[in-house]
Structures are given as C-alpha cells and as structure tokens.
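Please look over the sequence and the structure before reading on.

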Amino acid sequence: MVRILGPFCALFFLSCQAATNLRSLTGANENQITTPYFTGTDPASGSGNPAPKIQGTCDSNTSIHVYTTADCSGSPLSTDSCSTFETSGVAVSVATGTTTTLYANASYGLSYSGCTSTGISYLETTSPDVTQPTVTSWFSYATHGALGDISIEIAADGSTVESRDIRDNAKIAIQFSEAMDTLSLSDTSISFKGNDNVGSDPLNGHTLNSGDFTWTSGDTVVFINFSTFNSFARYCFKLTDDVTDVAGNQLSLNGDEGRTMLFYGGDVNADLFSDILDFGTISSLNGTDPIDTGNANHVRSDLNLDGAITIDDRNLLTAMPGWFGAAAMAVPACP
Ligand SMILES: [Ca+2]
Ligand SMILES: [Ca+2]
Ligand SMILES: [Ca+2]
C-alpha cells in the first residue's frame, strides 16, 4: 500500500521528495507512518517449516521489523523492506512444534510506526525429537594392513572373544540409533575396566582424551581408540546417560549401553582355550593371501594383522599370553 504524503507536502510547500528527506532526518511523529498490516504467511500456518515468510501491507520505502513481543519491544526477530513484506514476505525463524505470534512495526529513518495491535500466529508442526537414542551395536576393530579396519561385533551376551593381537592397537566402535551430540561423549561418560587372569585391571589409570574419539557416519558411529589391551583379560565398557542425541535426549539405558568382551589372543575358535585346535585352524589356512574379509575364520586367524595367514600367525599364536595355559587360567569375570 502506498501512502501519499500529499497533505504534508502541501502544508510546507515542499516537494514530496524533500518532505521525505526532512522526515528521515528530523524524526517525524509516529502517526506519519502507517502501522503495517498482516495479510498472511508463506507457507500457511500449520506447516512443517520453521522458516516462514510474513506478508502484509505497509507504507512504501519503510523498513518492516517483525517481533515476538506484543508491544514490538526488544530486538526484532527480522527486518526487511516494505516491498519484500508486500511480495514474498519477511523471512523469520520460529521454534518447531509450537505456535509463534508475531508483531511488526515500520520505520523510516529514525521514525517508527505504532506496533500492530493484533499479532499474526504461525503454527510450526514439525514434531520435536523427544525420542531417546539407543546403542544398536558394539564392535572390536583392528587394522589388517592394506585391507584396513575389519570389525568383530561384540555380542550382548558377553560371549565374544577377540582373537587378534590387538595388544597395541585396540579400538572399539559404538553404533547409535541416530546422530549424537559428539561433545556429550568423553572420558567421563564412558566407564571401562579390565580384569585379567590374576585379578588386575590392565586399564587401571587409563584415560581417554578428545583425540581418542572419532565420529563417522553422520555422527551415528564413534570409534574409541584405547591403544592398548596389553593383557589377556575381559574388558568391560559402559556408557552413561550423559551421552545425548543432537536434541539433548539422554541415551536410553536399556542394557545395550554396555558390553563385555574377552580379549584372548589366539583363541580363533572362541572356545576359551588357545590350543592345538586353533593351531590347526591357522595351519589349514596357511598361505591365504589376502584373507577374505567376510570370512570370520580368516579374520580371526590373521593374528598379526598383516592381511594374510602365514607361519607368522602360527608362531604368534604360541607366543601369545594364554597359549596352552588356559586350563590353569580362570576366565576373568567382568567387574
Ligand atoms: Ca532422538
Ligand atoms: Ca580356541
Ligand atoms: Ca597374518
């Protein structure tokens, strides 16, 4: 809507342009600028779009300021030109899943119109995320030379045995049900313990720093570098509910927030002994180069993690802690 400044011009015998300039410089009475009038929103209220555009009519050449306060006090949510207000609309950001009522005034130079007496309401219908994230899987990772990282899933029942020599390169991965707040996972929101065959904790005093956490897959998977599982031991990991999704929902403590895994280097067949049966499996695969990364026996038999199964793996088997001594070793319980 174009507001004609005719009477103002005529009264002072000035051209309209001069009058306009004068008003901007001197700060005219607010009654001289018409209060904007809302005509609608784009998209219409009730849409799943938190960035609607607010439309209406106004005095040409004014600036339109949109507020969430009924008296147009405080900083405007958004400001744009009258021409934008009258065409595409003034873009604003609103909270999701709720109704926001907006008000506006117009300004020209230092002068402001009154505030709209009736606001325009916009309902944003995107459902807020109130779902707690869960852990979907845990993995033990090891790097097999040029073949890269190969995982062994850690079963929920604690039956998983890691047979590969991860004494100096231990990595655990956790997969979540959705994207997580990566900063919520740190040394203080995961606990870990080890218990070896003489009742000591090989991880006692071990700390994780921010560089030990690597997030991938859209922040749904985290790799945790423990560096060392230097003993034949059972290892336990448990997350707290301080770990949150990006919306701040705490991790569901449904039982999958923790896992235990026995690290028993050389126990290829996971029967809780490192003995002649494992020796036989590795011998039967001798010369496999490269290993089939989808074959669990291959992966578990590449003890030295070079991507092939050779005499070196068999030699390493007999040198690992627990070789043939398992009968005398109680399987370490998780603390
Ligand atoms: Ca969620
Ligand atoms: Ca075995
Ligand atoms: Ca090997």
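What follows is a short report on a predicted model.

## Overview

The model is predicted. The protein chain has 6 helices and 17 strands. Of its 335 residues, 31% are buried.

Contacts can also be sorted by how far apart the partners are in sequence. Among contacts between residues at least 6 apart, 66% join residues at least 24 apart.

In general, strands of a sheet pair through backbone hydrogen bonds, either parallel or antiparallel. One open sheet here has 5 strands in the order β10-β9-β12-β15-β14, and the pairing is antiparallel. At its edges are β10 and β14 (213-216), each of which pairs on one side only. On average, neighbouring strands of this sheet are turned by 30 degrees against each other, direction ignored.

Inside this sheet, β9 and β12 are joined by 6 bridges in the antiparallel sense. Trp 138 stands opposite Ile 174 in β12. Setting aside neighbours within four places in sequence, Trp 138 is in contact with Ile 154, Ile 172, Ile 174 and Arg 259.

## Lys 171

Strand β12 covers residues 171-176 and includes Lys 171. Is Lys 171 buried or exposed? Lys 171 counts as buried because it has 20 C-beta neighbours inside 10 Å, and 20 is the number at which a residue is called buried.

Beyond its neighbours within four places in sequence, Lys 171 is in contact with Tyr 141, Phe 223, Ile 224, Asn 225 and Phe 226. Lys 171 and Asp 212 are 41 residues apart in sequence, and their C-alpha atoms are 9.3 Å apart in space.

## The nonpolar cores

In soluble globular proteins, nonpolar side chains tend to be buried together. In this model the largest nonpolar core has 41 residues. Those that touch the most other members are Trp 138, Phe 139, Ile 172, Ala 173, Ile 174, Tyr 235 and Phe 263. At least two residues of this core come from each of β9 (135-143), β10 (149-153), β12, β16 (233-239), β17 (258-263) and α6 (311-319). Another core, of 19 residues, lies apart from it and includes Ile 54, Ala 104, Ala 106 and Cys 115.

## The four-stranded sheet

A second open sheet to consider has 4 strands in the order β11-β17-β16-β13, with mixed pairing. The edge strands are β11 (161-162) and β13 (190-196), and each pairs on one side only. Between β11 and β17 there are 2 bridges in the parallel sense. Glu 162 stands opposite Phe 263 in β17.

## Strand β8

In a regular strand the side chains alternate between the two faces of the sheet. Strand β6 (residues 99-108) runs antiparallel to β8 and is joined to it by 4 bridges. Leu 102 stands opposite Ile 120 in β8.

## A helix pair

Two packed helices are described by the angle between their axes and the distance between the axes. Helix α4 (residues 276-284) packs with α6 at an angle of about 170 degrees, and their axes are 9 Å apart. The two helices α4 and α6 are therefore roughly antiparallel to each other, the cut-off for this being over 145 degrees.

In this contact, Asp 278, Phe 279, Ile 282 and Ser 283 of α4 meet Asp 313, Arg 314 and Leu 317 of α6. The contact residues comprise 3 nonpolar, 1 polar and 3 charged.

Technical notes:
Residues are numbered from 1 along each chain as its sequence is written. Chains are lettered from A and ligands numbered from 1 in the order in which they are written. This is a predicted model: local features need pLDDT of at least 70, side-chain atom pairs count only at pLDDT 80 or more; totals for chains, interfaces and linings use all residues. A residue is buried if 20 or more other C-beta atoms lie within 10 Å of its own, exposed if 12 or fewer, and partly exposed in between; C-beta atoms are placed from the backbone. Two residues are in contact if their C-beta atoms, placed from the backbone, lie within 7 Å. A nonpolar core is a set of buried Ala, Val, Leu, Ile, Met, Phe, Trp, Tyr and Cys residues joined through C-beta atoms within 7 Å. Two strands pair if DSSP finds at least two bridges between them. Axes are lines fitted to C-alpha atoms, for helices over the stretch in contact, and angles run from 0 to 180 degrees between N-to-C directions. Angles under 35 degrees count as roughly parallel, over 145 as roughly antiparallel, 65 to 115 as roughly perpendicular and the rest as oblique. Ala, Val, Leu, Ile, Met, Phe, Trp, Tyr, Cys and Pro count as nonpolar, Asp, Glu, Lys and Arg as charged, and the others, Gly among them, as polar.
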